[in-house]
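Reader: I have a model open and want to know what its labels rest on. Please take me through them.

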Amino acid sequence: MGLTRGCSKTGCARPAVATLTYAYADRAVVVGPLATYAEPHTYDLCLEHAERMTAPRGWDVVRVGGEFPEPQLAGDDLLALADAVREAARPRQPRPGERSDPRGQAAAEAQAGVVESGRRGHLRILRDT
């Protein structure tokens, strides 16, 4: 599914194209275009579930915006993500006047008095001295 939000319906793996909100004061279920951000008390729905949505007895379904296009990632979004990954993977260069220590974190931990006393998988058990 990648970077798109998924349908809120249990067991549905399709991408969301609409957002459902309950308007309790008006006794209405509002189904509209996919919200920019996921908000509490709203539900993202795929095309099938957005079109088939029914309301409780005595409530109205209000459909805003008509058709719901599939969300597309802009090229800029993909480039920004790739740049962020490259930047995070790049080794940190020491600032001018800062000593470069090839041991990095291990040296900093030793200076702080932290001693590794064991390992569990990828986790380390540290003990203060």
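Reader: How many aromatic pairs are there?

Author: This is a predicted model. The count in it comes to four aromatic pairs.

Reader: What makes Tyr 22 and Tyr 43 an aromatic pair?

Author: Their ring centres are 6.2 Å apart. The rule asks for centres within 6.5 Å, so the two rings pair.

Reader: Why is the pair of Tyr 22 and Tyr 43 called edge-to-face?

Author: The planes stand at 75° to each other. Over 60 degrees counts as edge-to-face, so the label applies.

Reader: What does this pair tie together?

Author: Tyr 22 sits in strand β1 (residues 18-23), and Tyr 43 in strand β3 (residues 42-45). The pair therefore ties together parts that are 21 residues apart in sequence.

Reader: Which residues make up the ring cluster?

Author: Tyr 22, Tyr 24, Tyr 43 and Trp 59, linked by ring pairs.

Reader: Why is Tyr 22 called partly exposed?

Author: Its relative accessibility is 28%. Buried means under 20% and exposed over 50%, so Tyr 22 falls in between.

Reader: And why does Tyr 43 count as partly exposed?

Author: Tyr 43 has 39% relative accessibility. That value also lies between the 20% and 50% limits, so Tyr 43 counts as partly exposed.

Reader: What share of the protein counts as buried?

Author: Of its 129 residues, 16% do.

Reader: What pattern does the protein follow along the sequence?

Author: The order is β-β-β-α-β-α-α-β-β. That pattern holds three helices and six strands.

Note on methods
Residues are numbered from 1 along each chain as its sequence is written. This is a predicted model: local features need pLDDT of at least 70, side-chain atom pairs count only at pLDDT 80 or more; totals for chains, interfaces and linings use all residues. Side-chain values use heavy atoms; hydrogens and water are left out. Helices (H or I, at least four residues) and strands (E, at least two) are DSSP runs, numbered from the N terminus. Buried means under 20% relative accessible area, exposed over 50%, partly exposed in between (1.4 Å probe, protein chains only). Rings of Phe, Tyr and Trp (its six-membered ring) pair if their centres lie within 6.5 Å; planes under 30 degrees apart count as stacked, over 60 as edge-to-face and the rest as tilted.
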